[in-house]
Amino acid sequence: VYSITGLLVHSIKETISNSPSNVDGALVWDGTDNKGNNLPNGTYFYKLYVKNPESGKKENKVNKLVIIK
């Protein structure tokens, strides 16, 4: 997770699979930085590294998220 200025504020290293035990493919983040501090309201970006299970091709996906408390 990156701040609007591009600063890395939180890293999550977790593998999500398409297995039957992971029906929704959800990844949960609690809105904190790497030190456990709550991040303030604002716009952030997250980057996902995804691998297509059929082709094996790896891609980066970037999207925006907003924290409003």
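Begin by colouring the chain by pLDDT, the predictor's confidence in each residue on a scale from 0 to 100: confidence in the protein is lowest in β2, with a mean of 90, and highest in β1, at 96. Over the protein the average pLDDT is 86, and 86% of the residues score at least 70. This is a predicted model, in which local features need a pLDDT of at least 70 and side-chain atom pairs count only at pLDDT 80 or more, while totals for chains, interfaces and linings use all residues. Residues are numbered from 1 along each chain as its sequence is written, and side-chain values use heavy atoms, with hydrogens and water left out.

Next, switch to a cartoon view. The protein has zero helices and three strands, and along the sequence its pattern reads β-β-β; here helices (H or I, at least four residues) and strands (E, at least two) are DSSP runs, numbered from the N terminus.

Now select the three strands together. They form an open sheet in the order β1-β2-β3, with antiparallel pairing, where two strands pair if DSSP finds at least two bridges between them. The strands β1 (2-3) and β3 (58-67) stand at the edges with a single partner strand each, so one side of each is left without a neighbour in the sheet.

Start at β1, which runs antiparallel to β2 and is joined to it by two bridges. Show Ser 3, whose bridge partner in β2 is Tyr 44.

Two opposing pairs can be picked out here: Gly 42 stands opposite Ile 67 in β3, and Thr 43 stands opposite Val 66 in β3. Phe 45, also in strand β2, has its C-alpha atom 5.6 Å from that of Asn 63, although these residues are 18 apart along the chain. Phe 45 counts as partly exposed because its relative accessible area is 28%; buried means under 20% relative accessible area, exposed over 50%, and partly exposed in between (1.4 Å probe, protein chains only). At the turn of the β2 and β3 hairpin, which has six residues between the strands, select Gly 56 and note its positive phi near 80°.

Which residue forms a salt bridge with Glu 59? Select Lys 61, whose closest N atom lies 3.1 Å from the closest O atom of Glu 59; a salt bridge is a side-chain nitrogen of Lys or Arg within 4 Å of a carboxyl oxygen of Asp or Glu. The structure holds one salt bridge. Lys 61 is partly exposed at 43% relative accessibility, and Glu 59 is partly exposed at 31%.

Move to the loop between β1 and β2, where Thr 32 is placed. Is Thr 32 buried or exposed? Thr 32 counts as buried, at 9% relative accessibility, and buried residues make up 17% of the 69 residues in the protein. The side chain of Thr 32 makes a polar contact with the side chain of Asp 30 at 2.6 Å; a polar contact is a pair of N or O atoms within 3.5 Å, where within protein one must be able to donate a hydrogen and the other to accept it, and residues adjacent in sequence count only if both atoms are side-chain atoms.

Finish with Ile 12, found in the loop between β1 and β2 and partly exposed at 33% relative accessibility.
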